[in-house]
Amino acid sequence: MDKLQEVSAPIGRLFLSMIFIFSGFTKITGYAATQGYMESMGVPGMLLPLVIALELFGGIAILLGFKARLIALLFVGFNIISALMFHQFWLDESQMNPFMKNIAMAGGFLLIFAHGPGAYSIDHKR
């Protein structure tokens with residue numbers, strides 16, 4: 001079982017981090033459109049650089065297992081807040097799956113927070 005956990009932790013971190021790394025790059029290349037969308041949902045557009053930093057650098061940190069517990073905790077909050085603000089399924093039924101995706105990702109990050117990033121990580125090397 002230890003070998004399975006040793007291998008599955010970095011793969012899990014890869015899977016969780018991919019969406020945020022790609023999303024961070026997409027927000028940079030589509031900055032104005034993303035800022036406009038955020039503002040249309042009542043979120044100040046001036047927060048976009050913070051969102052990009054968390055998604056891009058936080059995603060890379062999770063991938064590498066660097067400060068993984070702290071970053072994972074930030075992603076727990078980020079995913080729950082994003083679900084509530086941008087995927088309001090109670091107003092639009094088509095938002096149920098995106099809402100649940102964010103909640104599921106929060107659960108994955110909660111596991112990293114609780115159990116750490118695993119053997120193949122910068123945190124483990126220290």
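This is a predicted model: local features need pLDDT of at least 70, side-chain atom pairs count only at pLDDT 80 or more; totals for chains, interfaces and linings use all residues.
Leaving out sequence neighbours within four places, Glu-55 makes contact with Phe-20, Ile-21, Ser-23, Gly-24, Lys-27, Phe-75 and Phe-78. Glu-55 sits in helix H3, which covers residues 48-64. Is Glu-55 buried or exposed? Its relative accessibility is 4%, and since anything under 20% is called buried, Glu-55 counts as buried.

Two helices besides H3 come into this. Phe-20 belongs to helix H1, residues 2-29, and Phe-75 to helix H4, residues 68-86.

The axes of H1 and H3 come within 8 Å and cross at roughly 150°. Angles over 145 count as roughly antiparallel, and H1 and H3 are therefore roughly antiparallel to each other. Their crossing is left-handed. On the H1 side, the contact is made by Arg-13, Leu-14, Ser-17, Phe-20, Ile-21, Ser-23, Gly-24, Phe-25, Lys-27 and Ile-28. On the H3 side, the residues include Val-51, Ile-52, Glu-55, Leu-56 and Gly-59. Sorted by class, this contact of H1 with H3 has 13 nonpolar, 4 polar and 3 charged residues.

Next, H3 and H4. Here the axes are 10 Å apart and the packing angle is about 135°. H3 and H4 are therefore oblique to each other. H3 passes H4 in a left-handed crossing. From H3, the residues Val-51, Leu-54, Glu-55, Gly-58, Gly-59, Ala-61 and Ile-62 meet Ala-68, Ile-71, Ala-72, Leu-74, Phe-75 and Phe-78 in H4. The contact of H3 with H4 divides into 10 nonpolar, 2 polar and 1 charged residues. Glu-55 is named in the contact with H4 and also in the contact with H1.

Between H3 and H4 there is a loop, and Lys-67 is found in it. Lys-67 has a positive phi of about 50°, although it is not a glycine. With a relative accessibility of 40%, Lys-67 counts as partly exposed.

How do the axes of H4 and H5 cross, and at what angle? They come within 8 Å and cross at roughly 160°. That makes H4 roughly antiparallel to H5. This crossing is left-handed. Among the H4 residues in the contact are Ala-72, Phe-75, Val-76, Asn-79, Ser-82 and Ala-83, and among those of H5 are Phe-99, Asn-102, Ile-103, Ala-106 and Phe-109. By class, the contact of H4 with H5 has 17 nonpolar, 4 polar and 1 charged residues.

Asn-102 is in helix H5 and is buried, with a relative accessible area of 5%. Beyond four places in sequence, Asn-102 is in contact with Asn-79, Ser-82, Ala-83 and His-87.

Now the aromatics. How many aromatic pairs does a search of the whole structure find? The search gives 9. In one of them, Phe-20 with Phe-75, the ring centres are 4.4 Å apart and the planes are at 40°, so the pair is tilted. This pair links distant parts of the chain, 55 residues apart, with Phe-20 in H1 and Phe-75 in H4. Both Phe-20 and Phe-75 are buried.

Another aromatic pair is Phe-89 with Phe-99, which is edge-to-face, at 4.8 Å between centres and 65° between planes.

Trp-90 lies in the loop between H4 and H5, and it touches Leu-84 and Phe-99, not counting residues up to four places away in sequence. Trp-90 counts as partly exposed, at 48% relative accessibility.

Last, the cluster. Phe-20, Phe-75, Phe-78 and Phe-109 form one aromatic cluster.

Key. Residues are numbered from 1 along each chain as its sequence is written. Side-chain values use heavy atoms; hydrogens and water are left out. Helices (H or I, at least four residues) and strands (E, at least two) are DSSP runs, numbered from the N terminus. Buried means under 20% relative accessible area, exposed over 50%, partly exposed in between (1.4 Å probe, protein chains only). Contact means heavy atoms within 4.5 Å. Rings of Phe, Tyr and Trp (its six-membered ring) pair if their centres lie within 6.5 Å; planes under 30 degrees apart count as stacked, over 60 as edge-to-face and the rest as tilted. Axes are lines fitted to C-alpha atoms, for helices over the stretch in contact, and angles run from 0 to 180 degrees between N-to-C directions. Angles under 35 degrees count as roughly parallel, over 145 as roughly antiparallel, 65 to 115 as roughly perpendicular and the rest as oblique. A crossing is left-handed if the near helix is turned anticlockwise from the far one by less than a right angle, and right-handed if clockwise. Ala, Val, Leu, Ile, Met, Phe, Trp, Tyr, Cys and Pro count as nonpolar, Asp, Glu, Lys and Arg as charged, and the others, Gly among them, as polar.
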